[in-house]
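Me: I have a structure open and have not looked at it before. Can you take me through its sheet, strand by strand?

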Amino acid sequence: MRLGSLSPGARVHVTLFISTAVAYALSFALYLIFLNTGKALTGRLGTLLLAAGLVTHYFALLERSRGLHTVPYHDLYGSMSLFGWLLALTYLGLELYHRQRSVGVLVLPFVLVFFVAAHLAPGDRLSPPEAHGPSFALHVALSILAYSAFALSFVLSLVYLGEERLLRVHKLGDVVWRLPPLELLDRMSRSSVLVGLVSITIGTALGFLWVDRLSNKYSFYDPKYAITLLVLLLYVAYFRLARTTAWRGARASKLCVFNFLIVFLSFTVVNFYLSHSHRYF
Amino acid sequence: MEIVLVGLNHRTAPVEVRERVSFTADQARRASEELRSKGILEETLVLSTCNRSEVYGVPPETSRECASGLSTFLSEFHSVRLEVLNGSLYHHYDREAVRHLFRVAAGLDSMMLGEAEILGQVREAYRVAHEQGATGPVLNRLFQGALEVGKRVRSETELGTRPTSVASAGVKLAERIFGKLDHRSALVLGAGAISEQVIAQLRDRGIARLYVTNRSRERADSLAKQYAGEVLPWGEWEKALPMPDVIVSSVAAEEVVLRREIVEQAMQQRANRALFLMDLGLPRNIDAGVGKLYNVYLYNIDDLTEIVAQNRHARENEIPKADSIVEEHVGRFLSWQASVELVGLINELRTKMREERAQFIRARVESIKHLTEADRACVEKMMDDLLEGLLLEPAQRLRGEKDLRRKIHNVEALRHLFLSNREKP
């Protein structure tokens with residue numbers, strides 16, 4: 001497929017796709033080198049390329065929304081791509097806030113996979129949702145932001161559990177010296193969960209506003225509501241328990257991993273097979 | 001513009017010789033002054049650490065001749081017989097001297113491979129010599145290069161990153177759990193040599209509060225005073241156990257000092273906040289079962305020794321990478337040195353040719369009677385242009401082509417070939 005033979009819109013689309021994929025891939029490679037060598041400049045370049053990828057990814061989402069006259073979460077493509085973008089954005093925020101780059105190499109593959117997989121996702125012809133407007137857009141965007149923040153805390157918890165295990169069995173290898181300290185991983189995970197909790201709380205509240213408005217068309221007993229409330233409760237529990245005597249440390253991280261499995265269930269099984277009004281968010 | 005280095009280090013001299021030839025800061029200043037006032041060196045710098053004493057310099061004559069003068073100077077300065085020194089001193093010139101200094105700054109020549117302190121010592125020696133006015137363009141460039149090599153090796157290789165002593169490995173492990181130690185506290189049981197090493201490392205890494213306890217209160221007092229810690233009476237440290245995040249035990253005891261039940265109780269009281277324990281005693285001071293408690297990390301002397309061995313091995317693997325950085329900078333320095341020398345040589349050649357031209361005109365052109373003043377001026381101008389043209393291309397190539405400068409190894413030989421009857425300026 002030659003770029004010159006495409007329509008102007010498609011050309012922009014392909015250019016943005018390639019630029020974003022390359023920026024994320026290079027960022028991943030630089031984070032990997034940073035983890036292996038500890039070169040600060042490589043880490044900074046990784047962050048810079050991640051930021052560049054975020055910008056081009058944003059324009060890719062924008063361009064597609066304009067082209068289809070729809071929001072980016074209306075189909076599987078948009079939903080996955082938006083999830084990848086918010087995951088990268090949350091990670092970048094966390095990296096800058098905690099000044100810690102070692103986890104980038106573990107997050108970037110997810111971002112890249114979601115971004116590329118979105119392009120490979122089959123097109124669907126679902127009718128647009130009844131709800132629309134800024135409050136609905138915010139409901140969906142915040143929900144996806146929450147999922148991405150929870151995904152990030154999941155990755156951080158896995159790293160915590162792995163590092164904690166290696167420290168306990170005294171098998172440090174090369175990587176442990178490069179990973180963030182356990183307490184920092186714990187703090188990063190809690191920060192990420194906090195972002196997720198705030199987003200999902202506001203997002204869910206906005207969602208219930210729409211339930212109220214469309215109550216003549218939709219049931220209040222959509223399983224999505226129940227599982228979202230369960231997710232909310234589980235993460236509140238994690239947030240509370242993570243600093244208590246019995247749960248502090250590895251147990252809290254295990255709970256965080258378990259919580260994300262419920263999120264995954266909500267995002268996949270519940271959305272695709274059980275929910276009436278939620279498909280891709 | 002040769003560089004000469006004469007010195008000794010931990011590899012060439014035993015400690016009893018090293019300590020006799022080491023320089024205090026004042027002695028280093030005085031030696032620099034004497035070396036220049038006696039005309040042994042034009043530029044000079046003395047680098048003296050606990051493991052090495054080295055004099056770097058730029059001699060007025062050829063370096064090989066001045067090396068023996070430097071040895072004699074060292075012998076006289078420290079009142080050590082020359083025969084004692086001769087077996088221990090090494091002499092390096094030009095490329096080898098540059099390479100040696102760059103390897104020293106990189107930590108490749110240190111007793112503890114990749115140690116960080118040496119770079120600070122090189123920086124300090126250079127600062128002192130520079131302030132004293134003992135260095136000139138060559139040593140300034142050389143030592144700035146050495147500092148750059150030291151920084152690059154530390155940032156681009158893992159030569160200095162991994163701890164290679166039991167004490168530093170233990171403290172670095174604590175940082176793997178807690179991150180920065182600046183708001184953490186540590187309790188050290190025992191006040192022997194190993195405890196002191198750990199305390200020094202903890203202080204170096206910024207531990208916020210330090211408690212020391214020992215059977216002999218006097219020794220604990222002395223350590224606490226030296227490292228700004230607090231002393232806990234030997235009988236009362238168990239009560240303080242919930243407080244510290246790091247516990248180090250190095251007590252000579254036949255029985256376990258820290259039992260599992262005590263630590264378990266302390267963990268309850270500290271709400272299961274992570275606890276890192278270093279058992280450096282032999283026999284072990286801490287019940288091995290403590291390591292199984294939730295959020296407790298226990299490392300004994302064997303665990304730490306194994307980590308140190310792994311780290312030493314990892315450091316050794318970094319040597320080729322560090323050496324390639326050293327070689328790159330040696331090449332850069334020699335290229336700069338050659339460019340300075342060659343540009344000087346070209347300028348001398350130009351001066352010589354102008355003198356030859358003036359002589360030639362006096363001898364030949366002035367004998368041609370029919371030439372007017374204007375004709376003579378024109379011939380002089382043409383000869384000037386010809387000579388300038390002959391020198392211009394090589395001068396430009398020498399400025400622009402690094403490889404060419406590297407290929408010209410011996411500027412002195414060129415000088416001898418073209419300017420054999422001229423004094424070196």
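**Strands of the sheet in chain B**

Reply: This is a predicted model. A place to begin is β8(B) and β9(B), which run parallel and are joined by four bridges.

Me: How does the chain cross from β8(B) to β9(B)?

Reply: The chain goes through helix α11 (residues 260–269) of chain B, and this β-α-β crossover is right-handed.

Me: Which residue stands opposite B:Asp279?

Reply: B:Ser249 stands opposite B:Asp279 of β9(B).

Me: Is β9(B) buried or exposed?

Reply: Strand β9 (residues 275–279) of chain B is mostly covered, with five of its five residues buried. B:Leu275, B:Leu277 and B:Asp279 point one way, while B:Phe276 and B:Met278 point the other way.

Me: And how many bridges join β9(B) to β10(B)?

Reply: Five, and these two strands run parallel. One of the residues of β9(B) pointing the way of B:Asp279 is B:Leu277, whose bridge partner in β10(B) is B:Leu298.

Me: Switching topic: what is the order of the strands in the sheet?

Reply: The order in chain B is β7-β6-β5-β8-β9-β10, six strands in an open sheet with parallel pairing.

Me: Which strands stand at the edges?

Reply: Those are β7 (230–231) and β10 (296–300) of chain B. Each has a single partner strand, so one side of each has no neighbour in the sheet.

Me: What joins β5 to β8 in chain B?

Reply: Four bridges join strand β5 (residues 185–189) to strand β8 (residues 246–249), and the two run parallel. B:Leu187 has B:Ile247 of β8(B) as its bridge partner.

Terms used. Residues numbered from 1 in each chain as written. Chains lettered and ligands numbered in written order. Predicted model: local features only at pLDDT ≥ 70, side-chain atom pairs only at ≥ 80, totals over all residues. Pairing = 2+ DSSP bridges. Buried ≥ 20, exposed ≤ 12 C-beta atoms within 10 Å, placed from the backbone. Right-handed = clockwise from strand over helix to strand, strands pointing away.
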